[in-house]
Amino acid sequence: MKKVLGITLGIMTALGGFVDLGQIVFTTQAGALFGYAHMWAILVGTAGIIIYMEMCGRIAVVAGEPVFAAVRNRLGSNLGLATLIASNLLNLITCAAEIGGVAILLHLLTGWPEKVLLVATTCTLGAIVFLFRFQWIERTLGLSGLMMIVFAVSAVALRPDWHGLARGLLPASTQSTTKLSLLYWYFAVGIFSAMLMEYEVHFYSSGAIEEDWTPKDLGENFMVSSLGSVLGSLLTVALLALGAILFVPRGIFPQLLSSATFAGSVPFAQKALVTALGGCLACILGAVIETALSGAYNVCQFFNRGWGKNLPAKSVPLFTATWVSMFLGALIIALTGVRPLQLVNISIVFGMVVMPFTYYPILRTAADKNVMGKHVNSKVDNILGGIVLVLVTLAALAAIPLMMLTHSGKP
Amino acid sequence: MFVDYMRQGRATRHFADGHLEFLIRELADSATKLRNVAPAPGGEEALRTLRVQLAALAEELQNVRKMPDNQPALAQAKAHLQQIQRVLEQTNSSL
């Protein structure tokens, strides 16, 4: 019974924490421009994150090796260090974007000034991370994120074109103009990248060690990574559908988080709007903490120094100093006034570029019988993992050219 | 679309004010970009129209922000906004 409860909680937490600022806005924009035509990108992204999240969890449990230790071991010191620097810069930019998103949502809820909310949010989150245990933080925010279900309910209530949804499972190979084709592929890469953001696998593998998972928990690892991701991807589909239903007929391209948010409550009354705001807030708060902690995990794991949220802060000084610095650095960036959605564009595109350097070591380690023993990848795991890695690499090569040619996705 | 949402009482006060504030900010950015644009030959009139309509749009949104609960004012604002949208679409198609 306790085991079932633990697995259920894990799945719900993964569901509630699946989306972040980038996914909310990018997916809604993709729906607003191309209707349901990016369903296949969501499907491929979901398959990718399930495969690699399960591998990360398995490596962490069996080999006791979190992601960045695998990066160091497989890529070597120099390339590994470059990957660390790039990943942590991305974590910092993403953290700043997410903090900015939190300030926007709180402003929409309370009317208080954004800059005050930026400082208050950062201080409050810092205190929460300092005071509370890993499991409590993860579960509270993950379960609160279940309020995002209002987006799915709204999408169904507005009667999506189910045939169109199904047709979107195949890539549309051509669009009417070159500009539209480039935009189409920009958003495909963006959705794919947003679903596979590195900080998610860094955080997940570190979390498996924080929660003292053993090989007995590999079943839970599989259930959380697969079911949690499938249910979470349904929220992403809902965002796409809302973009298609509400914005396509009106020729609207939603450039604001507030536009994407109220789309989640259009059929209903004010309480639904507050629920949609609450759901987005929980998910984005979770992303702030995940990116800050991922930065700290990455540094300590690469340099083989002590780390752990559940350890006394003074006993892991580098870990503590790094996550505090991540919060402060993100706050400083956010206070400069740079728009969170601009930062999100940067993090999604450059995140794609760095992705192969994180995912390749994961696949190599999970396929290494010397490390994994009887829990090594099966042939199917290797084939699927290899296919995803090829797609990640192709998307990485295309990301920056597409960003430049489309002016960061401007229609 | 958002004005209809407000007229139906679905937006909270803070959300309506905040969303309109963000929309006005985006318009101000667009207006700044338009001010710095040199028109292509034959496009001066269209550019002038765009600038005028953006200013009208920003003013209308400011009015809506001041009277979020005034149903007649919101209805009037919706009509004005639809008019601005028609002019912008005509101008866009002529470019």
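Biologist: Quick one to start. Is A:N304 buried or exposed?
Modeller: A:N304 is exposed, with a relative accessible area of 64%. The cut-offs, with a 1.4 Å probe and protein chains only, are under 20% for buried, over 50% for exposed, and partly exposed in between.

Biologist: Before I go on, what are the ground rules for this model?
Modeller: This is a predicted model, where local features need pLDDT of at least 70, side-chain atom pairs count only at pLDDT 80 or more, and totals for chains, interfaces and linings use all residues. Residues are numbered from 1 along each chain as its sequence is written, chains are lettered from A and ligands numbered from 1 in the order in which they are written, and side-chain values use heavy atoms, leaving out hydrogens and water.

Biologist: Back to A:N304. Where is it in chain A?
Modeller: A:N304 sits in the loop between α13 (270-302) and α14 (317-335) of chain A. Helices here are DSSP runs of H or I with at least four residues, strands are E runs of at least two, and both are numbered from the N terminus.

Biologist: What about its phi?
Modeller: Phi of A:N304 is near 60°, a positive value in a residue other than glycine. A:S408 also has a positive phi, near 55°, and is not a glycine either.

Biologist: Where is A:S408 found?
Modeller: A:S408 is in the segment after α17 of chain A. It counts as partly exposed, at 26% relative accessibility.

Biologist: Which residues touch A:N345?
Modeller: A:F26, A:Y186 and A:S408, leaving aside neighbours within four places in sequence. Contact means heavy atoms within 4.5 Å. A:N345 itself lies in helix α15 of chain A. With a relative accessible area of 14%, A:N345 is buried.

Biologist: How do α9 and α15 of chain A cross?
Modeller: The axes of α9 (residues 178-195) and α15 (residues 340-366) come within 9 Å and cross at roughly 75°. That makes α9(A) roughly perpendicular to α15(A).

Biologist: How are the axes and angle classes set?
Modeller: Axes are lines fitted to C-alpha atoms, for helices over the stretch in contact, and angles run from 0 to 180 degrees between N-to-C directions. Under 35 degrees is roughly parallel, over 145 roughly antiparallel, 65 to 115 roughly perpendicular, and the rest oblique.

Biologist: Which residues meet there?
Modeller: From α9(A), A:Y186, A:V189, A:G190, A:F192, A:S193 and A:A194. From α15(A), A:N345, A:I348, A:V349, A:G351, A:M352 and A:M355. They divide into eight nonpolar, four polar and no charged. Nonpolar covers Ala, Val, Leu, Ile, Met, Phe, Trp, Tyr, Cys and Pro, charged covers Asp, Glu, Lys and Arg, and the others, Gly among them, are polar.

Biologist: Which residues does A:G385 touch?
Modeller: A:I51, A:Y52, A:M55 and A:L363, not counting residues up to four places away in sequence. A:G385 and A:M55 are 330 residues apart along the chain, yet their C-alpha atoms are separated by 9.1 Å. A:G385 is in helix α17 (residues 379-405) of chain A. It is buried, at 0% relative accessibility.

Biologist: And A:I59, buried or exposed?
Modeller: A:I59 is buried, with a relative accessible area of 3%. It lies in helix α3 (residues 39-63) of chain A. Its contacts include A:I362, A:T365 and A:M372.

Biologist: Zoom out. What is the secondary structure of chain A?
Modeller: Chain A has 17 helices and zero strands. Its C-alpha trace spans about 55 × 50 × 45 Å along the principal axes. Of its 411 residues, 60% count as buried.

Biologist: And chain B, how many helices?
Modeller: Four helices, and zero strands. The C-alpha trace of chain B spans about 45 × 20 × 15 Å along its principal axes. Of the 95 residues of chain B, 39% count as buried.
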